[in-house]
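Visitor: Please show me how to read a few features of a protein model. Keep it brisk.

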Amino acid sequence: MSEPEVTPNSDKWIPYKHSQPKDSPPELVVPNAIPTDERIWVPVEENVWFRPLLLAASRGYWMNLLRVRKSGVLSRHRHPQPVHAFVLKGEWRYLEHDWIAKEGSYAYEAPGETHTLVVDPHVDEMITLFQVNGAMIYVDPDGQATGFDDVFTRIEKCRNHYATNGLGADYIDQFIR
């Protein structure tokens, strides 16, 4: 059975008539998610940046683009909660697995797993959308914690970066929910 044709005269084209929940935070639309203004990219280390899209302080997660323009080991880390990734450009892999996340790939990272992110020498640029829930706990090869990132450290890194590059410390506020 085929769907009936939807026309502007159909009630399907009438917007919702009531108020949104008063305690719901505003929606967030980020035009040009891959920015042309290089100042928006927050440096992590040489040739590695992240671009905040959503910093959900009230829920303890963040969405960002990770951009890498070099080969090498980026970090060994563990997540206490799930992580979702979608590769927009290039590719990357984990030393602990035999799969490669290539352009167009989706990866689910299970809570508790420890892995070491690598970008291989043939990759000129990698950009991946990550949703990180909870934290990234950086560890040594034996799993001993050496540091961490969570939504609050990410907000602070962004605020400090934007305060020094002309965008202003409050530039990050538009991405916080």
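Visitor: Where is the place of Asn 32?

Guide: First, some ground rules. This is a predicted model, where local features need pLDDT of at least 70, side-chain atom pairs count only at pLDDT 80 or more, and totals for chains, interfaces and linings use all residues. Residues are numbered from 1 along each chain as its sequence is written, and side-chain values use heavy atoms, with hydrogens and water left out. Now to the place: Asn 32 is in the segment before E1. Strands (E, at least two residues) and helices (H or I, at least four) are DSSP runs, numbered from the N terminus.

Visitor: What is the phi of Asn 32?

Guide: Most residues other than glycine have a negative phi. Asn 32 is not a glycine, yet its phi is positive, about 55 degrees. Asn 47 also has a positive phi, near 65 degrees. Asn 47 lies in the loop between E1 and E2.

Visitor: Is Asn 32 buried or exposed?

Guide: Buried means under 20% relative accessible area, exposed over 50%, and partly exposed in between (1.4 Å probe, protein chains only). Asn 32 has 63%, so it counts as exposed. Asn 47 has 27% and is partly exposed.

Visitor: How many aromatic pairs does the structure hold?

Guide: Rings of Phe, Tyr and Trp (its six-membered ring) pair if their centres lie within 6.5 Å; planes under 30 degrees apart are stacked, over 60 edge-to-face, and the rest tilted. The structure holds 6 such pairs. In one of them, the rings of Trp 92 and Phe 130 have centres 5.7 Å apart and planes at 40 degrees, so the pair is tilted. Trp 92 lies in strand E6 and Phe 130 in strand E10, so the pair ties together parts 38 residues apart in sequence. Trp 92 is buried at 2% relative accessibility, and Phe 130 is buried at 6%.

Visitor: Which residues form one aromatic cluster?

Guide: Trp 92, Tyr 94, Trp 99 and Phe 130 do.

Visitor: Which residue lies over the face of Phe 50?

Guide: A charge sits over a ring if NZ of Lys or CZ of Arg is within 6 Å of the ring centre and within 35 degrees of the ring normal. Arg 154 lies over Phe 50, at 4.3 Å from the ring centre. Likewise, the charged end of Arg 67 sits over the ring of Trp 49, 4.3 Å from its centre.
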